[in-house]
Amino acid sequence: MKKEIRVQDDLYLHVNKEWIDNAVIPDDKPRIGGFADLDQDVEKLLIGDFNKMAAGKMKCPDENVKKAVELYKLVKNTEKRNAEGVAPVMERLHKIESLGSISDFNTALSEFVSHRINLPFSLEVTVDFKDSLHHALMLFGPSAILPDVTYYKPEMEQQKNALLGVWQGMAAQLLTFTDLTAEQQTQYVKDALEFDAIIATLVKSNEEWSDYPAMYNPMSVEEVAKLLAPVDFVKLAKDLFGKLPEKVIVAEPRFLNGFAKLFNADNFEKYKHWAYVTEYIGSTSLLSEQIRAIGATYSNMLSGVAALPSIEKQAYRLASSVFSEPVGIYYGKKYFGEKAKADVVEIVKEIIETYKGRVAKNDFLSEQTKEKAIKKLGTIVIKMGYPDKCKEIYNKLAFGSSDSLYKAMEVLGHIRTVDNNSKLYKDVDRTEWPMPGHMVNACYSPTSNDITFPAAILQAPFYSIKQSRSENLGGIGAVIGHEISHAFDNNGAKCDENGNLNNWWTDEDFKRFEERTHAMIEEFDGIELPQGKVNGKFIVSENIADNGGMAVTLEMMSHLKNADYQAYFRNWARVWCMKARPEYLQLLLSVDVHGPAELRANMQPRNFPEWYKAFDVTEKDGMYLAPEKRVTIW
């Protein structure tokens, strides 16, 4: 007989090991369990509906869902895609190739921006962090080829070379389908890699990106134009927006200050070849099946996936992504019960009120800061299930029935970019949802101080009317508490109740908060896992949120007549259950701000006395943490 894993030693494996041992990861997926399983169920359900609508056996509920179904059919038409081969993308690649000089580049620049052709920088109109009712223009650097710039460090040389070797082989194979000569193909790949190496010295690491407020670096258009030279940024801004913006928010100051090293007359050919190769690779999923398979080589290697998703899955994923909001509304209306919605809304309200009480009793905040924190909690907007109506952009999205899939996506992308640019001088629509109803996820938005819970996540094990209140508090309750806690994590704490980046703390209070944040970093930092070491600083915001979600729901448990703490902790562990490929787990350590699943399940309970009482955990047990090392922030 196998020795049972004691809950006192490893909650995660005690609850999930039997499932993990027997679960089989599909060839086309990097992981299964928890979120991924629910997502797979939603996908299967909606693919069935899409097939019925595509065959005329079910009526499309509205024009936008009808357009999603038309795109679904276009993706599935592999006969057309295979016949077209590489041809659909060649017009775009020839535009890049035809640039003879930086002067030509500046002439074509606004077209390249509006058609999303790869540039040595990128622009986005987004919410102004310090004026959340209005928009601002943000400037970013390009992405490096490898998952994180830390891969380019000298100590990562062997792994870097191995990954770039796979990418290089893939790129070389793909270029044989183009009209480039063999000599040109070799040169283009070589130049793309050299240009990428410069990018990696300038852009932010994922750890740096996890500090959201550090993105806010406003500069005048003239200042940006000077540092972006020889790019004619003033002309570009006028072409895109009709007049010069008052400011540009520079997300990566190091990149902008070093831009001259990346883009200049000497490097111009390298830029062109980098843009050509990366643009082509980015389009491969929209071309023939042969090219799609080759184009997935590098990403599949990173995640350990052995097979491409079926055409049916690719079609659904693309269509439900482009038309995400109408598809989400369709899913929510058809499959999400109003009884469940009302019950979860009540849980949210109860959690917010409990949170207010916890803040009021907090022992490290002054009364002044407590008052502002409670005010922020009282103004959180709840978005539950799905929105009442689609954003206006979906009515604008259209493509020709005879278009290639690539052309259709190019047209749709252009419409979205023009629409995004048009928002610069418009007020922010705070009724918009950041996630669609069919997404198995949840989020908190610091710039609008709202929480979103799509209909698709409101299923077991997260939530079920059939589950006990204790189980639901350990599932969806802790997730809700997690999202609310993002209002007070190391990033959200720097935004006020209106979503503006604004210091509402006293200096002493924030110092004490940072001490607790540092303790949370230390609790996780350096933990050795088979896939590598955990970076406590990188994942601290999510760990603060997990800690807060558990703290507030455990307090709610104390008010239940028949509280079952064992059921609470077991369902908490069940929510994070996951089986994943080793390559994917290694990738997550460098790109995912969430901690590894087993740590999310096992680390936070140790911080709370209820854990020790529920299972009689003592200092002799694996999941014991000395009282002086326990961290509770909210």
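# Reading a predicted model

Visitor: Why is Asn 64 called buried?

Guide: In this predicted model, Asn 64 has a relative accessible area of 9%. Buried means under 20%, so Asn 64, at 9%, counts as buried.

Visitor: Where is Asn 64 found, and what does Asn 64 touch?

Guide: Asn 64 belongs to helix H3, residues 63-76. Leaving out residues up to four places away in sequence, Asn 64 touches Phe 323, Pro 326, Cys 390, Tyr 394 and Asn 395.

Visitor: What makes the pairing of Asn 64 and Asn 395 a polar contact?

Guide: Their side chains are joined at 3.4 Å. The cut-off for N or O atoms is 3.5 Å, so the pair at 3.4 Å qualifies. The side chains of Asn 64 and Lys 67 also make a polar contact, of 3.2 Å.

Visitor: How do you know that Arg 6 and Asp 621 form a salt bridge?

Guide: The closest N and O atoms of Arg 6 and Asp 621 are 3.2 Å apart. A salt bridge requires a side-chain nitrogen of Lys or Arg within 4 Å of a carboxyl oxygen of Asp or Glu, so this pair meets the condition. The pair links distant parts of the chain, 615 residues apart: Arg 6 is in the segment before helix H1 (11-22) and Asp 621 in the segment after helix H29 (609-615).

Visitor: How are Arg 6 and Asp 621 classed by relative accessibility?

Guide: Arg 6 has 38%, which lies between the limits of 20% and 50%, and therefore Arg 6 is partly exposed. Asp 621 has 11% and counts as buried.

Visitor: What makes Lys 334 and Asp 49 a salt bridge?

Guide: Their side chains meet at 3.5 Å, N to O, and the limit is 4 Å. Lys 334 lies in helix H18 (residues 324-335) and Asp 49 in helix H2 (residues 35-54), so this pair ties together parts 285 residues apart in sequence. Lys 334, at 42%, is partly exposed, whereas Asp 49, at 3%, is buried.

Visitor: Why are Glu 84 and Lys 80 said to be separated by about one helical turn?

Guide: The two residues are four residues apart in helix H4 (residues 78-84), which means a separation of about one helical turn.

Visitor: What makes strand S8 mostly covered?

Guide: Five of the five residues in S8 (residues 450-454) are buried. Asp 450, Thr 452 and Pro 454 point one way, while Ile 451 and Phe 453 point the other way.

Visitor: How do you know that S6 and S8 pair?

Guide: Five bridges, in the parallel sense, join strand S6 (residues 381-385) to S8. Met 384 stands opposite Phe 453 in S8. Strand S7 (residues 443-445) runs antiparallel to S8 and is joined to S8 by three bridges, with Thr 452 in S8 as the bridge partner of Cys 443.

Visitor: Why are S2 and S4 said to stand at the edges?

Guide: An open sheet of four strands has the order S2-S3-S5-S4, with mixed pairing. Strand S2 (122-128) and strand S4 (218-219) each have a single partner strand, so one side of each is left without a neighbour in the sheet.

Note on methods. Residues are numbered from 1 along each chain as its sequence is written. This is a predicted model: local features need pLDDT of at least 70, side-chain atom pairs count only at pLDDT 80 or more; totals for chains, interfaces and linings use all residues. Side-chain values use heavy atoms; hydrogens and water are left out. Buried means under 20% relative accessible area, exposed over 50%, partly exposed in between (1.4 Å probe, protein chains only). Two strands pair if DSSP finds at least two bridges between them. A polar contact is a pair of N or O atoms within 3.5 Å; within protein, one must be able to donate a hydrogen and the other to accept it, and residues adjacent in sequence count only if both atoms are side-chain atoms. Contact means heavy atoms within 4.5 Å.
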